[in-house]
Amino acid sequence: MEEKLTLASERHLPLRKVLLRMVPYLAKEWVAFVLALLMLGLQVLCGLVTPLFEEGVLSLLNNETTNLTTLVEKTYSFAGFDITKPDIILYYVITLGVAFTLISIMKSVFQFIDTIILSKAGERIVYRLRTQVYDHIES
């Protein structure tokens, strides 16, 4: 069996003690953590909404395109234009596609903001820890 070499000053702190020591540093960044949690919630919401758009497009295409003869027979008048049912379906598909794209972009923006907020908060915490260590060593 190999013996593990340790330094005399090396000691192991339990996780609970480490977390208790970090509370003052984390407490100063509570606004950043709340904002990051809000961004995470918005990302989850966007992630939950996108399957609804996919389902809407697929069900619209599956239900309406099976009987092409009835699609061509039905014509609607709107503002002097004759609109057939396939045009309406195409409009819905395009609208759902644009909405899906916008929600995906919003999700990416929320994720970017979340990453920036947490990175900046982490950098500020490390800066405070580092300056306190250096001040302690120098004094």
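**Figure 1. Arg124 and Glu29 form a salt bridge, with their closest N and O atoms 2.7 Å apart.** A salt bridge here is a side-chain nitrogen of Lys or Arg within 4 Å of a carboxyl oxygen of Asp or Glu. Arg124 lies in helix H4 (residues 85-138), and Glu29 lies in the loop between helix H1 (15-27) and helix H2 (30-64), so the pair ties together parts that are 95 residues apart in sequence. Helices (H or I, at least four residues) and strands (E, at least two) are DSSP runs, numbered from the N terminus. The model is predicted: local features need pLDDT of at least 70, side-chain atom pairs count only at pLDDT 80 or more, and totals for chains, interfaces and linings use all residues. Residues are numbered from 1 along each chain as its sequence is written, and side-chain values use heavy atoms, with hydrogens and water left out. Why can such pairs form? Side chains of opposite charge can pair when their charged atoms come close.

**Figure 2. Glu29 also meets Arg128 in a salt bridge, at 2.8 Å from N to O.** This pair links distant parts of the chain, with Glu29 in the loop between H1 and H2 and Arg128 in helix H4, 99 residues apart. Shared partners join Glu29, Arg124 and Arg128 into one network of salt bridges. How many salt bridges does the rule give? The count comes to 2. The side chains of Glu29 and Arg128 also make a polar contact, at 2.8 Å. A polar contact is a pair of N or O atoms within 3.5 Å; within protein, one must be able to donate a hydrogen and the other to accept it, and residues adjacent in sequence count only if both atoms are side-chain atoms.

**Figure 3. Is Glu29 buried or exposed?** Glu29 has 4% relative accessibility, so Glu29 counts as buried. Buried means under 20% relative accessible area, exposed means over 50%, and partly exposed lies in between (1.4 Å probe, protein chains only). Arg124 is partly exposed, at 36% relative accessibility. Arg128 is partly exposed too, at 22%. Which residues does Glu29 contact, leaving aside its neighbours within four places in sequence? They are Ala121, Arg124, Ile125 and Arg128. Contact means heavy atoms within 4.5 Å.

**Figure 4. The largest nonpolar core has 5 residues.** They are Met39, Cys46, Phe53, Ile103 and Phe110. A nonpolar core is a set of buried Ala, Val, Leu, Ile, Met, Phe, Trp, Tyr and Cys residues joined through side-chain atoms within 4.5 Å. H2 and H4 are the elements that give two or more residues to this core. Which element gives the most? H2 does, with 3 residues. Now look at Phe110. Leaving aside neighbours within four places in sequence, Phe110 is in contact with Met39, Leu42, Gln43 and Cys46.

**Figure 5. Gln43 sits in helix H2.** Gln43 is buried, with a relative accessible area of 12%. Not counting residues up to four places away in sequence, Gln43 touches Lys107, Phe110, Gln111 and Asp114. Why might a helix residue touch several places along a partner helix? An α-helix has 3.6 residues a turn, so residues three or four places apart point the same way.

Figure 6. Gly56 is in helix H2. Gly56 is partly exposed, with a relative accessible area of 24%. Thr101 is in helix H4. Thr101 is also partly exposed, at 42%.

**Figure 7. Helix H1 bends by about 35° at Arg21.** A proline, Pro24, follows within four residues. The bend at a residue is the angle between axes fitted to the seven residues ending there and the seven starting there. H1 has 13 residues and reaches 18 Å from its first C-alpha to its last, close to the 18 Å expected at 1.5 Å a residue. The expected span of a helix is 1.5 Å times one less than its number of residues.

**Figure 8. The protein has 4 helices and 2 strands.** In what order do the elements run? From the N terminus on, they run α-α-α-β-β-α. Buried residues make up 14% of the 139 residues. Among contacts between residues at least 6 apart in sequence, 73% join residues at least 24 apart.
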